[in-house]
Number of protein chains: 2
Amino acid sequence: ASRRGVAATLFAALAKASVNIRAIAQGCSEYNITVLIDGSDATKALRAVHGRFYLDALPLGIGLVGRGLIGSALLQQLEAQRETLLETHRLDVRVLGVASSSKMLVDPRGLDLKNWQAAFEADAQPLDLQAFGLLLAGSGVPNMVVVDCTASDEPPAMYAEWMRQGLHVVTPNKRLNSGPLPRHEYIRARARESYIHYLYEATVGAGLPVVATLQHLVASGDRVRRIEGIFSGTLSFLFNSFAPQQEPFSAVVAQARANGFTEPDPRDDLGGQDVARKVVILARECGIDLELSDVDLVSLVPEPLRDASAVSPEEFMRRLPEFDSGMAELAAQAEAQGECLRFVGVVDVEQGKGSVELRRYPRQHAFAQLSGSDNIIAFHTARYDQQPLIVRGPGAGAEVTAGGVFSDLLRLAAYVGAPS
Amino acid sequence: ASRRGVAATLFAALAKASVNIRAIAQGCSEYNITVLIDGSDATKALRAVHGRFYLDALPLGIGLVGRGLIGSALLQQLEAQRETLLETHRLDVRVLGVASSSKMLVDPRGLDLKNWQAAFEADAQPLDLQAFGLLLAGSGVPNMVVVDCTASDEPPAMYAEWMRQGLHVVTPNKRLNSGPLPRHEYIRARARESYIHYLYEATVGAGLPVVATLQHLVASGDRVRRIEGIFSGTLSFLFNSFAPQQEPFSAVVAQARANGFTEPDPRDDLGGQDVARKVVILARECGIDLELSDVDLVSLVPEPLRDASAVSPEEFMRRLPEFDSGMAELAAQAEAQGECLRFVGVVDVEQGKGSVELRRYPRQHAFAQLSGSDNIIAFHTARYDQQPLIVRGPGAGAEVTAGGVFSDLLRLAAYVGAPS
């Protein structure tokens, strides 16, 4: 009876699991507490209370949307780490549902990650993203999160609805945070006003610590002045490899395409749209209300070759050499000054602007010294004034992107009550 | 009556504030809930419940130990950011206590950060770290954290006691995590088994995202193979500046000392002990049970000059030139191979070893391209295999260290229930 916090612990567990309490009775003997809840909440309530008192693991249920490369890598990572999370972190991570672009499968007991594909082929239903959320929310697992591993616009349109259903959202999908401001602002407001979390570290730099680093700088009162970065692995590779005396730019693009380092249509890389989205995402974290169309974007696709409906990818590649002289001239000018070309995204916080452009950097600059397809992001702030805070490394690929999503899931687990 | 989660919300608020509940009554009408608590908990309970229902800010109370450069910078940052945290993050951060090495002042209503020094001079009591914790724990503020901004051994000896008192601990002090393993392991176990948090991002690289990045890699199942870094701003500066054809190593040290870039006794930098502590901290995050004495440490202080009781700092500086030829030879050998010298800490996870040593790096290596007094840390892992994940930037100084502590406070706030 003198142990502090028993009732508090009980009700905290029920509260975090969103269990509605109809009636409570506790006598002054303090030997028992009676709680009346809805029958539909019984499983969830029991699990939540057991989880808290009997030192069971904290349950975290996942519904995955998108079973492409990133989604598949995430499922493999979750499966490989499942026992360790259970033993070391007391975290019971289960995948309760998977959705493809046309079908979905939800099992409230959790899917067997070793054989989920077979079950998916056999039992998946036609896709209905709203029903997907309702099935997850009704699963009885106290903490549920939808992980959107698509690059499409449909799942983001459901985030608000899912959050209303009590589901957290974690995603590497850039569409919401670089899409129309009102929709993004609505989700941000919901996350601020409720205890439902929306996390998106992997939208910039994949698994590199970019978004969380920026958020901590901003929230701790540092004044971010400028963020400058090479945000595209493909464009990093192209300019790290480009040596104008040795071969023209179009040859570097052709080789990269042959090696699978570019999108099937390299204009999807060279156009800079993906970099512009990342600029928008980071700008908004700095409090700048930027739309994608506000970004000052200098495309690397020659103007006559931009219309994808008129110029096929093959024709684009065939005709790209016609435009090599322009790039060669820029490179020669840079080299004459001991500089080199890099395709960068810039958030100019003081001017409230974002841009994507080809810029020149002196040879001893950190951006000039990059190799491979590394991303690099430099934060210039009041505290990081003389020298910026820099994060560098592979910023694309299924493994590291899934790793970034995984780190958001761990963050979420800590927010909903896992030990740190 | 049909609104979900009212009782749950109430009890969650009381639970997070560690309020003991003696008796509860709620009728089936669901119009009211009666909760009986101890009179001593009344203020805390009222604040916690108000905070949750009336959308007051989440209270976070701070007791600061150490009013040196870092502690003072933190107080300034907290004061400057106070209104923003309240308005934007709904976080009510108050400093309730400050302790110096001999005195302490606690005010449960919160100190006025504009004038706390005067109050401290007038009203501070003799220091008693246990009483400091008890006063904070009894303050009535639901979430309390002790921030240890000292570099000394006494506060870490109290962490366990403070955590038993229900206080979280945040620190840039390396002593616990690089001190005797049993004591460190005890604190880690307490943090894992309770809902009390222990956070220490700023122990390595100050405000750079190093510890959290490593923790996320490990927890998400990446296999860390090797961590290599330049962890000392002073030693970074010395070797970034050292050009053996132009001036001897001792002259670089003398200049750095004259500019205040070294400790008063430069042997405290050149000995590598501080780097070894960081190696131990990171090794333990990788699951290696390393003691400080296990680190393979190659000191840069010539053997005959190591005994500080026999050789004063001035005599050390006078005699250092006698040993320049050895360093010049190493530098010449490196240069002959197109390489340069860097003083690095290494965690070899696969061998379970830590070392601190002077190593050679090719000119195009990221470590060779460093400038100023930047730190740089490279994580080589299964996912970051071809190219490491790299964090770089200023890794010392009061402002950025306080910023790292501040980011831990924000993390803590999210763990105890602030919106993300």
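## Two chains in a predicted model

Between chain A and chain B an area of about 6300 Å² is buried, of which 53% comes from carbon and sulfur atoms; buried area here is the accessible area (1.4 Å probe) that two parts lose on being put together, summed over both. This is a predicted model, in which local features need pLDDT of at least 70 and side-chain atom pairs count only at pLDDT 80 or more, while totals for chains, interfaces and linings use all residues. Residues are numbered from 1 along each chain as its sequence is written, chains are lettered from A and ligands numbered from 1 in the order in which they are written, and side-chain values use heavy atoms, with hydrogens and water left out.

**The interface**

- In this pairing, 80 residues of chain A are in contact with 80 residues of chain B, where contact means heavy atoms within 4.5 Å.
- On the chain A side, A:Tyr195, A:Arg383 and A:Ser420 lose the most area to chain B, together 10% of what that side buries.

**Chain A**

- Chain A has 15 helices and 15 strands, which are DSSP runs numbered from the N terminus (helices are H or I with at least four residues, strands are E with at least two).
- Of the 420 residues in chain A, 58% are buried, a term that means under 20% relative accessible area, with exposed over 50% and partly exposed in between (1.4 Å probe, protein chains only).
- Helix α15 of chain A has 18 residues and reaches 26 Å from its first C-alpha to its last, close to the 26 Å expected at 1.5 Å a residue; the expected span is 1.5 Å times one less than the number of residues.
- Because 16 of its 18 residues are buried, α15(A) is largely enclosed by the rest of the structure.
- A:Thr401 is found in α15(A) and counts as buried because its relative accessibility is 8%; leaving aside neighbours within four places in sequence, its contacts include A:Ile70, A:Pro172 and A:Ala202.
- Strand β4 of chain A (residues 91-99) is likewise largely enclosed by the rest of the structure, because eight of its nine residues are buried.
- Eight bridges join β4(A) to strand β3 (residues 58-65) of chain A, and the two run parallel, with A:Pro59 standing opposite A:Asp92.

**The sheet of chain B**

- An open sheet of seven strands in chain B has the order β6-β5-β4-β3-β7-β8-β9, with mixed pairing; two strands pair if DSSP finds at least two bridges between them.
- Its edge strands are β6 (125-126) and β9 (198-199), each of which pairs on one side only.
- Three bridges join β7(B) (residues 144-148) to β8(B) (residues 168-170), which run parallel, and B:Val146 has B:Val169 as its bridge partner in β8(B).
- Helix α6 of chain B (residues 154-164) packs on the sheet, touching β3, β7, β8 and β9, and its direction makes about 170 degrees with that of β7(B); axes are lines fitted to C-alpha atoms, for helices over the stretch in contact, and angles run from 0 to 180 degrees between N-to-C directions.

**Helix α3 of chain B**

- This helix (residues 69-88) has 20 residues and reaches 28 Å from its first C-alpha to its last.
- α3(B) bends by about 50 degrees at B:Gln81, the bend being the angle between axes fitted to the seven residues ending there and the seven starting there.
- Among the buried residues of α3(B) are B:Gly71, B:Leu78 and B:Gln81, and the buried residues of this helix pack against α8 of chain A together with β3, β4, α4, β7 and α15 of chain B.
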